[in-house]
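Subject: Structure handover and notes

Hello,

Here is the structure I said I would pass on. My notes follow below it.

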Amino acid sequence: GGGLAGVSAIHGIRGASVDCEIVLVDPKDHLEILWTAYRVPFVDWVRDGSIFPLESFCNDMNVKHIKGVVQKLTSKEAIVNEGGDTTTITFDVALIATGAKTKCPGLGRGLPEGSYKGTREERIQMCKDWGEKLIKHKNVVVVGGGLVGVEFASDLKYYAEKNGNNKDMNVTLVHSGEFLCANEMSEASGEHVKTRLEKLGVKVILNDKVIEQDGKCVLQSKPTEVLEADEVVYMVGFFAANDFVEIEGSKNDKGFLKTDDYLRVEGGEGRVFAYGDCCTTLPNAGNLLMRNKGFLAHNIKAALEGKTDVADMQKASASFHMYICTIGPEDGLVYTSWCATSWFIPPLKNSTMFLFVPKNELGLKL
């Protein structure tokens with residue numbers, strides 16, 4: 001996987017001066033910064049600045065990039081399909097960084113269906129086309145009131161008016177919880193987000209779910225009332241993408257890889273690691289992937305040297321994490337365990353989308 005997790009791992013390994021050959025397997029020629037995905041359809045500089053070519057990075061890091069897909073991975077080898085040709089790669093250490101799938105192709109997770117060849121140019125055009133289509137709708141229902149759902153719904157409403165001259169668009173956000181951003185924020189902060197969202201013109205429905213009935217969109221609580229929707233956008237749930245992993249005992253009941261504090265996959269004989277959304281150790285947050293790359297590199301180096309004792313390894317850390325929720329490009333809230341504020345950090349995210357971070361941390365180039 002050549003997303004943020006895989007690239008962070010590679011950068012960490014090279015930064016730790018680990019003398020090894022690195023082979024990256026990913027069918028795409030680019031990586032996407034996923035924390036910007038909700039704004040990518042609507043803003044040119046965000047779209048162009050969030051999708052980085054992999055070629056220059058791989059050259060700088062002395063990495064062989066195979067544009068293919070791993071069809072099967074055991075604790076000793078990977079079977080790779082590259083353009084219809086099958087190759088078996090044996091390894092000393094494998095790192096799985098394939099992320100997770102969602103119901104929304106616009107979030108950049110997984111490969112779109114059809115004739116997509118995995119090029120950066122295709123992906124940029126795909127995102128632009130989706131944005132131009134969205135802002136012309138009259139009614140859009142967004143399912144899921146976590147961070148991304150809130151950010152997407154608010155951006156859609158804002159840019160439909162700004163870019164599409166569509167002041168009459170109805171954006172409805174449906175969330176099954178009692179308050180928005182419940183997994184990241186307190187109830188008071190979730191209510192604050194809801195108030196700001198409604199001020200922007202987004203209708204918020206809590207404690208309910210969207211279901212399809214006779215080809216129409218309805219609320220679970222009111223199945224006789226139809227929700228008008230030119231498009232339903234699902235911003236809820238991550239789904240495992242680890243079917244290719246054939247290591248006994250390596251997955252939980254949802255298909256995600258079970259990893260210990262040192263990012264080793266259960267059943268992988270100390271040779272298989274996992275990083276990012278595909279596994280269970282760290283929360284889904286890009287900054288944590290960049291912050292923990294040194295710990296991962298240390299542990300991979302130890303494994304390459306044949307060390308299996310945890311005394312020779314370092315634990316991954318999720319200490320001090322903040323959640324930043326933009327509410328359109330002119331508002332937002334940052335939440336930590338000790339404070340919540342709209343000052344400084346939300347405006348900084350809106351003005352930069354923190355795209356300078358992967359450039360500085362990982363040496364990514366456009």
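Strand β6 (residues 77-82) pairs with β7 in the antiparallel sense, over six bridges. Strands pair here if DSSP finds at least two bridges between them, and helices (H or I, at least four residues) and strands (E, at least two) are DSSP runs, numbered from the N terminus. This is a predicted model, in which local features need pLDDT of at least 70 and side-chain atom pairs count only at pLDDT 80 or more, while totals for chains, interfaces and linings use all residues. Residues are numbered from 1 along each chain as its sequence is written, and side-chain values use heavy atoms, with hydrogens and water left out.

Val70 has Val80 of β6 as its bridge partner. β5 and β6 also form a hairpin, with three residues between them. Together the three strands make an open sheet in the order β5-β6-β7, with antiparallel pairing. Its edge strands are β5 (69-73) and β7 (85-90), each of which pairs on one side only. From one strand to the next the twist averages 30°; for such angles, axes are lines fitted to C-alpha atoms, for helices over the stretch in contact, and the angles run from 0 to 180 degrees between N-to-C directions. In a regular strand the side chains alternate between the two faces of the sheet. As for β7, it lies largely in the open, because the number of buried residues among its six is zero. Buried means under 20% relative accessible area, exposed over 50%, and partly exposed in between (1.4 Å probe, protein chains only).

Next, the region around Ile135. Ile135 lies in the loop between α4 and β10 (139-143), and it counts as buried because its relative accessible area is 10%. Which residues does Ile135 touch, not counting those up to four places away in sequence? They are Phe42, Leu156, Tyr159, Ala160, Asn163, Gly164, Asn166 and Met169, where contact means heavy atoms within 4.5 Å. Ile135 and Leu156 are 21 residues apart in sequence, and their C-alpha atoms are 6.8 Å apart in space. Between the C-alpha atoms of Ile135 and Lys162, 27 residues apart along the chain, the separation is 9.4 Å.

Lys162 has its place in helix α5 and is exposed, since its relative accessible area is 56%. Asn166 is found in the loop between α5 (147-162) and β11 (170-174). With 14% relative accessibility, Asn166 counts as buried. Leaving aside neighbours within four places in sequence, Asn166 is in contact with Ile135, Lys136, His137, Ala160 and Glu161.

Two residues are listed for their backbone angles. Most residues other than glycine have a negative phi, and most peptide bonds are trans. Asn62, a residue other than glycine, has a positive phi near 55°. Asn62 is in the loop between α3 (55-60) and β4 (63-66), and it is exposed because its relative accessibility is 59%. Leu263 likewise has a positive phi, near 70°, without being a glycine. Leu263 lies in the loop between β17 (239-240) and β18 (272-274), and it counts as buried because its relative accessible area is 1%.

Last, the second largest pocket, which holds about 190 Å³ of space. Of its 13 lining residues, the closest to the centre are Cys104, Pro105, Gly106, Trp130 and Glu231. A pocket is an open set of points, on a 1 Å grid over the protein atoms alone, where a 1.4 Å probe fits, with protein on both sides within 12 Å along at least five of seven lines; lining residues have an atom within 4 Å of a point. Grid points are joined across faces, edges and corners, and the volume is the space filled by probe spheres set on the points. α4 (120-134) and β16 (231-234) each supply at least two residues of the lining. The largest share, five residues, comes from α4. By type, the lining divides into eight nonpolar, one polar and four charged residues. Ala, Val, Leu, Ile, Met, Phe, Trp, Tyr, Cys and Pro count as nonpolar, Asp, Glu, Lys and Arg as charged, and the others, Gly among them, as polar.

Regards
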